[in-house]
Amino acid sequence: MWTTIDHNARRVISVGTRQTRELVRALQQLARAAGHERPLLVGIDQENGLVSAFSSPSAGTQFPGAMALAATGSVDLTERVSAASASELQMVSINWVYSPVADANTDSRNPVIGVRSFSDDPKKVAEFASAAARGIVSARVAPTAKHFPGHGDTHVDSHLTLPVIAKTKAQLVQEELVLFKALIDAGIPCVMTGHMALPLITGDDTPCSLSKEITTALLREEMGFGGVVVTDCLEMDAIAEPKQGGCGVEEGALRALKAGADIAMICHTFEKQKGALERVYRALEQGEVQLEALKESGVRIAAMKDTFTAGWDKEATYSDIHASHLELARDAYSKSTTVVWNAGNTLPLKMLDKRLLLLTPAMESVNRAVDLGDSILKGPDGVVRNTAGPSYLALAKMFEGRVETTHIVYGEKDAVTTLDGVGAVVFVMRNADLWRWQLEYLEQLRPSVLLVLVSSCGPYDLADVRSEYEGWTAYSHSPATAFPCIKSF
């Protein structure tokens, strides 16, 4: 995972972290030269797990995501992982992170939240999200609770269209707002509003991020949140795409500010950022938006800057990322693995001199929070990338160090492989409840040898068919994107 290690194996040195720090420092110098009173807030989508903008071999540590951390059962470990991750951001002068995810994943079909959530239990989400926020704050990085008022109870992806959630106010209070209230009471400095509609509360299909009833009446007035409100990215199709009922990015920015948001987020396209500024400026000139409201937002943003930026003359101290973070990540991944059932004491596997067959699914797009959203994974030259995926290759390498292993990537239309000379099969699934062809392949395979089923992403793979397999297999759940050391031997 790391580029170089010193002779004493105490520190890991990454070129990418230094490059990031120099870029952020250059942006801060530009802001100061332009007359900014305070340093910039520099934000990043670093949830860990599936959404890890700063995790790579040349940057930060790949820590487990929310559901993997909750699977450890340790609030303390969650806080320590969050603190370590945030300290790496602080080291490169990134001072704002769009985390923790405070959505309870109450719809197992959810295509965009899933393992990004700590749990389907709102109280458990509140407990672990609060721990994550404490860890982030301890490293002097601003955490952000998202996606208010809750993106967990839908099977529609707001990157593609507008989810409409038919919940009453009473249901929302009981199932979603309880965890956001816990974070607000604990002093969370920032809340991100999401692009979903709650017509039984607002009276129409206005996205929550553009709704004054949600942003001002519910979040600020009723729940007492006095910090910074930022929207989710307005370039998501729920807002940006008129064919999906969206109003467009520029108009969305204006409506978000009028609803009470302090910051309208536009992540990708400079022309849309520029167009949004021009649209808001015209609205200000025409009296469509009030200057006093924008000034109040400025005060809230300034307060968050005063807390989480070091000032113009104080830079974050640079130090190389410590190898202890890698050990912490390994410990968390190891503890996140759960043996759901173990029929016939299949685990630990006793292979002796027999061959192990590892079957991993061909990689498919998860969602646009994770990847580009295309149906196949392509490189810049149009060639399909290695469909095994780095986590599955790492899993294969781990097995190969213990036993003779054959690793096969199985696809939707592939013929079932033969089992000649195989003593055991490890069959890996990735959201098989949504991509049913994986279960169809398993049904055709149905080996007479030892079988271990592994969930490598969402925990719902066998939700509808579990009883069919319980009598003749072992099932291990690892809700993470990078495998821990699976204790199968």
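A disulfide is a covalent bond between the sulfur atoms of two cysteines. When the whole structure is searched, zero disulfides are found, a disulfide being a pair of cysteine sulfur atoms within 2.5 Å.

The model is a predicted one, in which local features need pLDDT of at least 70 and side-chain atom pairs count only at pLDDT 80 or more, while totals for chains, interfaces and linings use all residues. Residues are numbered from 1 along each chain as its sequence is written, and side-chain values use heavy atoms, with hydrogens and water left out.

## The parallel sheet

Three strands form an open sheet in the order β7-β8-β9, with parallel pairing; strands (E, at least two residues) and helices (H or I, at least four) are DSSP runs numbered from the N terminus, and two strands pair if DSSP finds at least two bridges between them. The edge strands are β7 (144-148) and β9, each of which pairs on one side only. From one strand to the next the twist averages 25°, where axes are lines fitted to C-alpha atoms, for helices over the stretch in contact, and angles run from 0 to 180 degrees between N-to-C directions.

Strand β8 (residues 190-193) is joined to β9 by four bridges, and the two run parallel. Within β9, V229 is the bridge partner of V191, and V230 is the bridge partner of M192. In a regular strand the side chains alternate between the two faces of the sheet. Strand β9 (residues 228-231) is covered on both faces, with V228 and V230 buried on one side and V229 and T231 buried on the other.

## The largest cavity

Rolling a probe the size of a water molecule over the atoms shows where empty space is left. On a 1 Å grid over the protein atoms alone, a cavity is a set of points where a 1.4 Å probe fits but cannot get out, a pocket is an open set with protein on both sides within 12 Å along at least five of seven lines, and lining residues have an atom within 4 Å of a point. Grid points are joined across faces, edges and corners, and a volume is the space filled by probe spheres set on the points.

By this rule there are two cavities of 30 Å³ or more, and the largest cavity has a volume of about 170 Å³. Its lining is made of 20 residues, of which Q46, E47, N48, S82 and S99 lie nearest its centre. Two or more lining residues come from each of β4 (46-48), α2 (66-72), α3 (75-91) and α4 (122-138), and the largest share, six residues, comes from α3. By class, the lining of the largest cavity divides into eleven nonpolar, seven polar and two charged residues; Ala, Val, Leu, Ile, Met, Phe, Trp, Tyr, Cys and Pro count as nonpolar, Asp, Glu, Lys and Arg as charged, and the others, Gly among them, as polar.

## The second largest pocket

The second largest pocket has a volume of about 750 Å³. Of the 24 residues that line this pocket, I263, A264, Q273, A276 and L277 are the closest to its centre. Helices α9 (249-259), α10 (270-285) and α11 (291-308) each supply at least two residues of the lining, with the largest share, eight residues, coming from α10. The lining of the second largest pocket has 19 nonpolar, three polar and two charged residues.

Helix α11 also contains V299, which counts as exposed at 58% relative accessibility. V299 and D262 are 37 residues apart in sequence and 9.7 Å apart in space, C-alpha to C-alpha.

## Backbone geometry

Most residues other than glycine have a negative phi, and most peptide bonds are trans. N48, in strand β4, has a positive phi near 75° and is buried, with a relative accessible area of 8%. S93, in the loop between α3 and β6, has a positive phi of about 70° and is likewise buried, at 18%.

The peptide bond from S99 to P100 is cis, with omega near 15°, and P100 lies in the loop between β6 (96-97) and α4. The peptide bond from F148 to P149 is also cis, with omega near 0°, and P149 is placed in the loop between β7 and α5 (169-185).

How values were computed:
Buried means under 20% relative accessible area, exposed over 50%, partly exposed in between (1.4 Å probe, protein chains only).
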